[in-house]
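This report describes a few local features of one protein model. Please look at the sequence and the structure before reading on.

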Amino acid sequence: MRSKRAFDTLIVEGGSLRCAFTAGVLDTFAVVGYNRFKRYFAVSAGTMALTSFLAGQRKHFIDVASHMVEDGQFIRFSSAFSEEGLMNLSHLFDHVRRHRPLDIRAAAMATHGKDVRMVTTDHATGKPMYLRPTQKDWLRIMWASSTLPMVTRGKIRVHEKWLFDGGISDALPLQAALDAGSRRILVIRTRPSGEHIEKGWMDTFATYWYRDNPAIVRLYTHGHFTYNETVDRLKTGGEGRKRWEEIAPLEPLRSDGFRINAGHLIQDYHHGMARALDWLDSAPPIR
């Protein structure tokens, strides 16, 4: 088992409900007590999965996500062009607050002396922002990192700035982690290792929707190239003395898309658990 491996940084990719896989990985880490990281980078829905892990709340993400896809209020195609968008994050966070509150105090205490950063995008400039949450603003930054134009509310105001989903500007913050001093990095993916993405219909529509904001247009026009470059970089396993590894699904996840049920989520969650166990049991440690 890799319980003694010296990884100093954990990167958690986003991907909306695909993070059921992430939750499976992190819940497995929690069971075996694997958490020697000194630095964390989380993107989009990955921020909620990471928060559950740091707070010691196993099964929180998968339970909340399963409820959301079954209650008929979270994903509504009829609301695609409303203020809340296709996925109603207000409904999600209201459910969490009322029925399954996150223990933010525990998460903050667990990371005392560590570096936690949630990736968001500046709505005005299109540049990624790597915010360090405190107990006071943790939930709002988490919400901002997850709010996607046209899919959810679109933007959230945090510290006098309008922010939105960090996955648009830096979905795989490998370089940001290296710039912060990371040398041994573990990346939890929500797509198979090496899988590229293409510019989709939503990206094309967004370039029209935000045609008055050149910075955001550039993100939606070229973002898939940036993502694919990092995907290829991850496959190298490292550069010089800087090393990294991925825990990734073996095939595209069932929870990728909008027509999802709880069964799909549970399958991906179990797949994440299996992949975490495989990773923990395989290969000699980095020296």
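Strands (E, at least two residues) and helices (H or I, at least four) are DSSP runs, numbered from the N terminus. The model is predicted, so local features need pLDDT of at least 70, side-chain atom pairs count only at pLDDT 80 or more, and totals for chains, interfaces and linings use all residues. Residues are numbered from 1 along each chain as its sequence is written, and side-chain values use heavy atoms, without hydrogens and water.

Most residues other than glycine have a negative phi. His159 has a positive phi, near 50 degrees, and is not glycine. Ser44, in the loop between β2 (39-43) and α2, is not a glycine either and has a positive phi of about 55 degrees. The table gives their relative accessible areas, where buried means under 20%, exposed over 50% and partly exposed in between (1.4 Å probe, protein chains only).

| Residue | Relative accessible area | Class |
|---|---|---|
| Ser44 | 7% | buried |
| His159 | 54% | exposed |

How do α2 and α3 lie to each other? Their axes, lines fitted to C-alpha atoms over the stretch in contact, come within 8 Å and cross at roughly 135 degrees. Angles between N-to-C directions run from 0 to 180 degrees; under 35 is roughly parallel, over 145 roughly antiparallel, 65 to 115 roughly perpendicular and the rest oblique. α2 and α3 are therefore oblique. In α2, Met48, Ala49 and Ser52 meet His60, Phe61 and Val64 of α3, with contact meaning heavy atoms within 4.5 Å.
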